[in-house]
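The sequence and the model are shown first, and selected features of one chain follow.

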Amino acid sequence: MKLLLRFNSEIIKKPIIAEAVLETGVKLEIERARVEGPQGEIVVNVPDDSCREVVNVLKRKKVEVTRLDVPITKDEENCIHCGACVSACPVGAIRYEYDWRVRMDEKLCVQCGNCVNACPVRVIKLPEY
Amino acid sequence: MRRTIEEINEKIRDGSVNVVTAEEMTALVQELGVSEAARQVDVVTTGTFGAMCSSGVFFNFGHSDPPIKMQRVWLNDVEAYTGIAAVDAYLGATQLSDTKGMDYGGSHVIEDLLKGEEVWLKAIAYGTDCYPRKRIDTSITLDDMNQAIMVNPRNAYQKYNAATNCSSKTIYTYMGTLLPNNGNVTYSGAGVLSPLSNDPNYETIGVGTRIFLGGAQGYIISEGTQHSPSGGFGTLMVTGNLKKMKREYIRAATFYKYGTTMYVGLGIPIPILNDDIARATAVSDAEIVTGVYDYSVPRRSKPELRKVTYEELKSGMIDLNGKEVKTSSLSSFYMARQVAAELKSWIKSGKFFLSSPVERIPVEGSTKPMKQTQEMPLIKDVMVPVATIKVGFSVYEAAKKIIEDRFNHLPVVDEDKRLVGIVTSWDVSKALALSKDGDLAPIMTRNVITVSPEDPVDLAVRLLEKHNISALPVIDKDRKVLGIVTGEGLSKLISRGLRQ
Ligand code: SF4
Ligand code: SF4
């Protein structure tokens with residue numbers, strides 16, 4: 001299963017991935033990594049049957065874990081259709097409809113997470129583990 | 001054509017009133033012309049639904065037994081202002097929770113109350129002969145309060161600045177997430193539906209005007225704070241009964257890394273008393289102009305990149321220096337339409353009558369900047385000279401330079417003295433310890449955070465903290481290094497300032 005791991009400035013310098021591998025004995029395959037300023041993101045591939053164990057260890061080490069196999073969700077009932085998410089999306093997955101409602105096309109989403117923070121009423125959720 | 005408010009109210013009573021929204025009016029005037037549209041239409045409804053920070057609610061909680069004269073009071077850990085009578089308090093939308101920070105604020109308490117939820121009330125006091133109680137803990141709902149009166153000092157901005165970010169880092173502002181290198185443009189305001197843009201001369205909108213506020217009837221108290229009608233940035237102070245409002249039109253919000261605010265649905269009916277008023281309500285998005293500003297400059301005056309109309313902003317794309325940039329709104333045009341439509345249906349069904357203002361709102365004037373008795377020092381006042389090294393030199397030479405100049409930071413420059421990177425004494429000693437003497441380039445940091453000599457010192461402090469770094473090179477427009485400011489130098493300066 002693919003997981004997106006986010007490291008904040010507090011933990012980014014710690015060898016968390018290595019520790020997680022040592023503690024669980026599970027092989028983590030790193031697909032991509034990106035460090036921007038004091039924050040970092042890593043996408044890892046984890047064998048399905050040991051996923052829970054790995055996630056528990058990572059969460060204990062304060063890593064934010066997101067599943068990448070489940071699409072992002074927008075709570076239509078509570079969305080106020082402002083559009084704060086629209087121009088924050090790098091791939092144009094969120095758009096205004098003809099009547100100014102805001103619609104998200106999950107199929108186009110690459111789960112960058114921009115819209116999650118951009119939404120002022122917090123109705124977009126990346127699937128948390 | 002002339003008609004009076006009394007005549008319109010008579011028509012509302014007998015059900016013959018003709019109401020259109022400001023969007024419909026624009027189309028109608030284009031089709032029929034001003035006089036014919038004015039003859040047919042009695043009332044134009046406007047609406048807006050945007051983040052309005054300057055909002056809040058006055059509560060009266062009722063007296064406890066024994067009674068308490070609240071000195072400080074919290075609702076769900078969000079402090080309300082109680083420097084007024086014993087159990088009165090004002091809760092502002094942007095006040096943050098003591099425990100949850102930016103995730104929960106005054107606006108969230110207000111929304112929870114509207115949802116019918118219980119909120120936890122905690123108050124402390126010094127105790128008096130008449131109010132002996134020193135502490136109270138209870139939970140309370142909107143129904144339990146005697147009054148919950150919304151009073152919003154600044155709502156319904158006529159229009160607002162559009163925002164972009166010319167820097168190379170994402171910034172999080174009250175204008176939302178602004179992507180680096182002009183990655184997007186955000187704007188706010190309902191354009192064609194904006195109440196004040198439809199009556200820019202304040203002919204019918206004045207003190208005492210009955211309005212739609214949060215799904216209930218409300219009133220205009222006066223001009224709003226920071227009312228700046230001369231530049232087309234008028235605002236209104238409004239009030240309404242929270243107990244009658246609907247959660248649909250009052251929504252709590254958090255702007256990421258900025259704080260909490262409240263989305264308020266506000267609509268104003270404009271009686272068509274004559275042709276001039278009809279002409280004003282025919283305003284279109286193409287006629288409402290605002291500016292696009294660079295929000296990466298955290299100063300009172302931000303550089304304006306261009307003028308833009310709401311029509312262009314709403315098209316989803318605008319041109320910025322030859323680049324097509326995506327635009328999106330922070331206020332909800334969808335909800336603004338709901339507000340204007342609901343107000344229209346209230347008037348048509350005889351539930352809402354128009355009122356004449358009892359006083360006019362200033363049509364001219366603009367906001368003054370704050371009087372500052374102590375000028376904020378600028379970077380150029382506090383920066384110190386720094387040695388630089390040319391790219392291409394070796395780690396060993398950098399080490400020598402750092403020792404000679406006793407500086408922990410060494411900016412790296414190109415042939416033309418322009419900044420290309422920075423090395424710290426730590427980078428250099430690490431490289432030497434690992435016997436990695438050789439070209440400097442691989443060990444230098446290329447993405448250097450910098451300041452300009454005209455920036456305020458506060459900005460340097462914020463950047464040092466935000467990026468967790470200890471020094472900032474000072475560069476001019478051509479990226480030439482002029483000096484450096486260090487965290488150490490700034491703290492000395494600040495502590496000296498405190499001692500004085
Ligand atoms: S997560 Fe990123 S890609 Fe997906 S919809 Fe949100 S902004 Fe667009
Ligand atoms: S930012 Fe949130 S509330 Fe606004 S349109 Fe997007 S999902 Fe809806």
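## Strand pairing around B:Tyr219

In strand E19 of chain B, the residue standing opposite B:Tyr219 is B:Thr239. The two strands concerned, E18(B) and E19(B), run antiparallel and are joined by five bridges. Strand E19 of chain B covers residues 236–241.

B:Tyr219 of E18(B) is also the bridge partner of B:Arg210. This contact belongs to the pairing of strand E17 (residues 210–213) with strand E18 (residues 216–223) of chain B, which is antiparallel and extends over four bridges. E17(B) and E18(B) form a hairpin, with two residues between them. In the turn, B:Gly214 has a positive phi of about 60 degrees.

## A nonpolar surface patch

Elsewhere in chain B, the residues B:Phe58, B:Tyr81, B:Ile84 and B:Ile149 make a nonpolar surface patch of about 360 Å². One of these residues, B:Tyr81, lies in the loop that links strand E6 (78–80) to strand E7 (88–92) of chain B. B:Tyr81 counts as exposed because its relative accessibility is 53%, and the cut-off for that class is over 50%.

## Confidence of the model

The structure described here is a predicted model. The mean pLDDT of chain B is 93, and 99% of the residues in this chain reach 70 or more. For the model, the scores are ipTM 0.80 and pTM 0.81.

How values were computed:
Residues numbered from 1 in each chain as written. Chains lettered and ligands numbered in written order. Predicted model: local features only at pLDDT ≥ 70, side-chain atom pairs only at ≥ 80, totals over all residues. Heavy atoms only, no water. pLDDT = per-residue confidence, 0-100. Patch = residues over 30% accessible without salt bridge, like charges linked within 9 Å, V, L, I, M, F, W, Y side chains within 5 Å. Areas by Shrake-Rupley, 256 points an atom, 1.4 Å probe, with all protein chains shown as cover. Salt bridge = Lys/Arg side-chain N within 4 Å of Asp/Glu carboxyl O. Buried < 20%, exposed > 50% of the residue type's maximum accessible area, 1.4 Å probe, protein only. Pairing = 2+ DSSP bridges.
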